[in-house]
Amino acid sequence: MLILTIIEYSGREHRLSCSPGETVMQVAVANGVSGILGDCGGSCACATCHAYVDPVWLDRVPAPDASERDMLECAVDSDESSRLTCQIAMTDALDGLIVRLPRSQT
């Protein structure tokens, strides 16, 4: 099992176990994390799973593809660490990943 930490804008921290291949969004929804909706079901067609990747992890998370970059332009308060969590699949290399939710995801 891998460990994923999601920190809500309020500061509430969720330390979650997950399996390789699960997306951050799937893990968040399955565990009832407030602020990650995943309205499109993970098809990169909305920004309801927007989060910021912790700076320590930025160089380890694969870069977003063109579709995700386009959707991030629609996300409120996006920045260089913004990602759609439906597009981040957990791997052994991401064990311990930390993402933070923006104010807009409360």
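The model is predicted, so local features need pLDDT of at least 70 and side-chain atom pairs count only at pLDDT 80 or more, while totals for chains, interfaces and linings use all residues. Residues are numbered from 1 along each chain as its sequence is written, and side-chain values use heavy atoms, leaving out hydrogens and water.

**Strand β3**
- Strands are DSSP runs of E with at least two residues, helices are runs of H or I with at least four, and both are numbered from the N terminus.
- In a regular strand, side chains alternate between the sheet's two faces.
- In β3 (residues 50–53), His50 and Tyr52 point one way and Ala51 and Val53 the other.
- All four are buried, meaning under 20% relative accessible area with a 1.4 Å probe, protein chains only.
- β3 runs antiparallel to β4 (residues 82–84), joined by three bridges; pairing takes at least two DSSP bridges.
- Alanine 51 has arginine 83 as its bridge partner in β4.
- β3 also pairs with β5 in the antiparallel sense, over two bridges.

**The core**
- The largest nonpolar core has 29 residues, and Leu4, Ile6, Val24, Leu84, Met90 and Leu97 touch the most other members.
- Such a core is a set of buried Ala, Val, Leu, Ile, Met, Phe, Trp, Tyr and Cys residues joined through side-chain atoms within 4.5 Å.
- The largest share, four residues, comes from α1.

**Glutamine 105**
- Glutamine 105 sits in the segment after β5 (97–100).
- Glutamine 105 counts as buried because its relative accessibility is 12%.
- A polar atom of its side chain lies 2.8 Å from the backbone oxygen of glycine 35.

How values were computed: Buried < 20%, exposed > 50% of the residue type's maximum accessible area, 1.4 Å probe, protein only. Polar contact = N/O pair within 3.5 Å; in protein donor to acceptor, adjacent residues only side chain to side chain.
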